[in-house]
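Here is a friendly note for anyone opening this structure for the first time. Please keep the 3D view at hand while you read the numbered points.

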Amino acid sequence: MPQKATSQKSKQVSPKVASQSIKTAPLKAVKPAVKKKDDENATDMGDVADEWMQGKTLLKPPDQLQLSEAELKEELTRVLTANNPHAPQNIVRYSFKERCYKPISNVDQLAIHFSLDGNMLHKDSDEARRQKARTSIAEEYVADSTAVDGSEDGRKENLGPDEEKESEDKGSRGKKEQKLTNQFNFSERASQTHNNPLREKASQTEPPPRANFSATTNQWEIYDYYIVELQKQERTKEKQKAPPVKKEDEKSKKKQSTTESQSDDITKVSPKVVQILERMVNQNRFDDIAQDFKYFEDASDEFREQEGTLLPLWKFQYEKAKKLAVTALCWSQVYKDLFAVGHGSYDFTKQGHGMLLFYSLKNSTYPEFIFKTDSGIMCLDIHVGHPHLVAVGFYDGSVAVYNMKEMGSQPIHKSTAMTGKHTDPVWQVKWQKDDMDNHPNFFSVSSDGRVTSWTLVKNELMYMDVIKLSVDGVALEGQGDDQLPTMACGTSFDFHKQIDYLYIVGTAEGKIHKCSKAYSSQFLETYNAHNMAVDAVRWNHFHPKVFISCSADWTVKIWDQTINTPMFTFDLNAPVGDVAWAPYSSTVFAAVTTDGKVHVFDLNVNKYKAICEQLVVAKKKNKLTHVEFNPVHPIIIVGDDRGYVTCLKVSPNLRKMPKEKKGQDVPKGPEVEVAKMEKILSLLREPTSAVKK
């Protein structure tokens, strides 16, 4: 219907337009000046009139609905709301009050389709006023300049040519040109240089270890943290409310505050970062030693035939432990660069405090951990499975367990007189496998004749006497007074590498007892080993029947547990402080003597004398006390009675491996080492076996 109405209107209007065009034509023809324009307009209007005179045809789409008059007059109402049809209606949040998930009724219906930040200012704002002031000043200046130019032009018309020149000179002098500021101070410069050639450099490192950490918190833990924070704030407030101080004290405090403010930047850095920086500085400082440790191999060994050398590397020393002797050394089996040092005194007339230090090969100038003890340390051992646990034996007879994860200087467990403390110095401690309840346990031996087992149960250190040594060779069962004079003094012991229950104990009388955890009333075997106290006994790492012992009677002896007499005896011409098997060979061992020498033997090369005998310290001053092989690297550490620990690298001749032949694979493994030692022992067993036959 609306379309029909429009068509009718167009038909009614078209005659008027035609009449207007007809009337305007003669009027415009009167004026001759604009005849051409009128002719053009007349033609245009004529074209428009022709278009209007033409009939309009109505076009209907084929699918248009045919509605009646009633349907067309019917009014349809639609309500428009501001709700977002795409807004989610099923959002659920957790309610801590009701402890359940509840749907959210209020949903944000706002949907922004377009936003644009404008640069328009309100006319009453400060910035708008400043802009208006600038524009008004510029307009006034332009108006003044135009007025001055107009007046000067009028004067020039009245003046002669000479006067005009004079006036122009005066105007140029009196008028100061305003310097326009450069809004874009831009200058372009270009130069061409030689392009350096590209070089690619790549390095491959081991990926850092990763560990997943997860924890849950509750309201109580959060509350505890808040309480700790409040206590800190109260302490700071109490410090601020300190009583007034005199002028002299104020001056001293000011000096302290200035020094503290200067060192604030350093103290704010975490200890780990400082530790890493210290290691970097020391590795750069001792770079030549680090290079020798990693890469140096003594080429002169090829011309020495069977002899080898020890290359000195680092020297470890702590200033506060100078007057204390090195009484114990132990490498960590997990962290191959970390080792523990126990400081004390072997002189019973000069007993005092002791120190437990942990050094790393990455930093030779300062210990990684420091623990000060009231009594001198005689022995220590680092747990294999839990490297943060360290068992320590003291001169006063007590044993303790330190935890390196805790920052305190006190041990987490320590024995007392009420909990089975030894009555004499503890000469050796050894960790064993955890018991049936997964509780860590270790053994200790002391001069009071007791071999005791210690177990870490929660917050207690439980003890049990495994065996009591006697001079007569029979273990003691009771604790009567009549048996005290016959008790032997234990000085060292070691557990078998393959058989857990088997161990050997060295005594101050020079005897070695083979014992078992299952039998506490008797010895399995007794060896008359030395004429003086047995300083150390060690089972071989590979051969199950071989162990070694050393004593202050100048001798080192190698034993087969099935034979009561020693297989090898070496006289070193000085009291022997310690002996240790090499972890890479069944036939290599090292010993240290009080004359400052390190002796390295290889039975596979020479069965009669050491293949390396080297002086490490001066004869008259220092005496070597202990030696230990690193479990992985070809180095050893030795300690002396002045608190120094020296690291030495073993030359290739001292760690000879079987030569590889072309086309043949050299057998490797513990079986090869066992066979190598067995071959040497069979040469000594042949005469006895022939007699038996």
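1. Strand S18 (residues 511-516) and S19 run antiparallel and are joined by four bridges; helices (H or I, at least four residues) and strands (E, at least two) are DSSP runs, numbered from the N terminus, and two strands pair if DSSP finds at least two bridges between them. Within this pair, His513 has Thr526 of S19 as its bridge partner.

2. A word on the model before going on. It is a predicted model, in which local features need pLDDT of at least 70 and side-chain atom pairs count only at pLDDT 80 or more, while totals for chains, interfaces and linings use all residues. Residues are numbered from 1 along each chain as its sequence is written, and side-chain values use heavy atoms, with hydrogens and water left out.

3. The pair from the first point belongs to an open sheet of four strands, with the order S16-S17-S18-S19 and antiparallel pairing. Strand S16 (490-495) and strand S19 (525-528) are at the edges with a single partner strand each, so one side of each has no neighbour in the sheet. From one strand to the next, the twist averages 20° (axes are lines fitted to C-alpha atoms, for helices over the stretch in contact, and angles run from 0 to 180 degrees between N-to-C directions).

4. Another open sheet also deserves a look: its four strands follow the order S12-S13-S14-S15, again with antiparallel pairing. Here strand S12 (426-432) and S15 stand at the edges; each has a single partner strand, so one side of each lacks a neighbour in the sheet. Neighbouring strands of this sheet are turned against each other by 25° on average, direction ignored.

5. Which residues of S15 face Thr452 and Val451 across the pairing? Opposite Thr452 stands Asp465, and opposite Val451 stands Ile467. Strand S14 (residues 450-457) and strand S15 (residues 460-468) run antiparallel and are joined by eight bridges. Their hairpin has two residues between the strands, and Lys458 there takes a positive phi near 50°.

6. Next, a pocket. The second largest pocket holds about 1,200 Å³ of space. A pocket is an open set of points on a 1 Å grid over the protein atoms alone, where a 1.4 Å probe fits, with protein on both sides within 12 Å along at least five of seven lines; lining residues have an atom within 4 Å of a point. The volume is the space filled by probe spheres set on the points, which are joined across faces, edges and corners. Among the 28 lining residues, Lys272, Gln275, Glu368, Phe369 and Met404 are the closest to the centre. Helix H8 (271-285) and strand S7 (369-373) are the elements that give two or more residues to this lining, and H8 supplies the largest share, six residues.

7. Is Ile289 buried or exposed? Ile289, which lies in helix H9 (residues 287-295), is buried, with a relative accessible area of 17% (buried means under 20%, exposed over 50%, partly exposed in between, with a 1.4 Å probe and protein chains only). Leaving aside residues up to four places away in sequence, Ile289 touches Leu313 and Trp314, a contact being heavy atoms within 4.5 Å. The C-alpha atoms of Ile289 and Trp314 are 7.2 Å apart, with 25 residues separating them along the chain.

8. Finally, the whole chain. It has 10 helices and 30 strands, and 33% of its 693 residues are buried.
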